[in-house]
Amino acid sequence: MTHVIVLGNEKGGSGKSTTAMHLIVALLKSGHKVGAIDLDLRQRSLTRYLENRKKFSELKGKEFDFPVVVEVEPSSLDSREASQQCETENLKNALMSLEGCAFVVIDCPGANTHLSRLAHLHADTIITPLNDSFVDFDLLARLHPETGKIAGPSLYSEMVWDARKRRAMTGVPGGIDWIVLRNRLSATRANNKKNMGDKLEDLSGRIGFRLARGFGDRVIYRELFPMGLTLLDLGGKGSPVRLSTMSHVTARLEIRSLVALLNLPQAEEVHEQAA
Ligand SMILES: Nc1ncnc2c1ncn2[C@@H]1O[C@H](COP(=O)(O)OP(=O)(O)OP(=O)(O)O)[C@@H](O)[C@H]1O
Ligand SMILES: [Mg+2]
């Protein structure tokens, strides 16, 4: 049984591709066969991240863990209906070809595309990274402008709600576990940070997601992309880059804490290896 993890948020730049890559490497390091699908067919950040990893590995003559990558072709058909049908088939075939994998990680674009909506239907776990800003929060829920109270769900949470409903109707056992992950958290005790935390706690019970501890705002995430490395590749004997600061060590703990929170099947193995 393959467990499908979808990284989704219609808001661009929230950390989907970065989180997808870290998750892929965490699962690979725990000894699992992992599949990867990049549905951001324009930016292809996850694909580029993995290509950088390949080049860096060749350059250094060092073996790195790699997922099985499957591409999903966009449709070039004119008719909307025919094009959507074609993309539906393409994603289904991609998932079928990854059936031997314990986990498949799908990175979605920061937009509401047909493929992104479809991926959410196939998800066992959805992870939504969210920048610590009420502009990003607005895609999850609307706030009353005067009282600041939650006035109702918004675009992205409605899409997840729809995916959950449609998934339940298919009769496939098990629902979709939805995790919201605060990203780029500031190190300071800012008011905004506290307000966001309070609002997200409130919202999680109402629309049914679990709130992850989150990732701090750290420049290392941006620096690792050109080498195709993750924080989990650093440190230890023969490490290509030193795990140098307390901030890096804390960042790794944050990633491990996300993996633990996911409660994935074969989780014990995942925890053991990641520790
Ligand atoms: N915790 C973090 N600290 C610092 N920078 C981060 C962090 N997470 C992500 N970034 C940086 O933020 C930018 C956006 O991240 P990323 O590309 O992962 O977002 P995305 O949600 O995939 O974007 P898009 O919607 O465009 O696909 C990148 O430059 C990335 O390196
Ligand atoms: Mg991306």
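Which helices each supply at least two residues of the shell around ligand 1? They are α1 (16–29) and α8 (220–224). Helices (H or I, at least four residues) and strands (E, at least two) are DSSP runs, numbered from the N terminus.

This is a predicted model, in which local features need pLDDT of at least 70 and side-chain atom pairs count only at pLDDT 80 or more, while totals for chains, interfaces and linings use all residues. Residues are numbered from 1 along each chain as its sequence is written, and chains are lettered from A and ligands numbered from 1 in the order in which they are written.

**Overall fold**

The protein has ten helices and nine strands. Its radius of gyration, taken over C-alpha atoms, is 19 Å. The globule rule (2.2 Å times the number of residues to the power 0.38) gives 19 Å for 275 residues, so the protein is as compact as a globular protein of that length. The C-alpha trace spans about 55 × 50 × 35 Å along its principal axes.

**Around ligand 1**

The shell of ligand 1 holds 20 residues. A residue belongs if its C-beta atom, placed from the backbone, lies within 6 Å of the molecule. The closest are G12, K16, S17, T18 and G110. Helix α1 gives the most, with three residues. By class, the shell has four nonpolar, ten polar and six charged residues. Here Ala, Val, Leu, Ile, Met, Phe, Trp, Tyr, Cys and Pro count as nonpolar, Asp, Glu, Lys and Arg as charged, and the others, Gly among them, as polar.

Axes are lines fitted to C-alpha atoms, for helices over the stretch in contact, and angles run from 0 to 180 degrees between N-to-C directions.

| Helix pair | Axes come within | Crossing angle |
|---|---|---|
| α3 (residues 80–97) and α4 (residues 114–122) | 10 Å | roughly 45° |
| α4 and α6 (residues 155–170) | 8 Å | roughly 50° |

Helices α3 and α4 are therefore oblique to each other. Angles under 35 degrees count as roughly parallel, over 145 as roughly antiparallel, 65 to 115 as roughly perpendicular and the rest as oblique. The crossing of α3 and α4 is right-handed, meaning that the near helix is turned clockwise from the far one by less than a right angle. Q84, E87, T88, L91 and L95 of α3 meet H114, L115, L118, A119 and H122 of α4. Contact requires C-beta atoms, placed from the backbone, within 7 Å. These residues divide into five nonpolar, four polar and one charged.

Helices α4 and α6 are oblique to each other. Their crossing is right-handed. R117, H120 and L121 in α4 meet M159, V160, A163, R166 and R167 in α6. This contact has four nonpolar, one polar and three charged residues.

Note on methods:
Contact = placed C-beta atoms within 7 Å.
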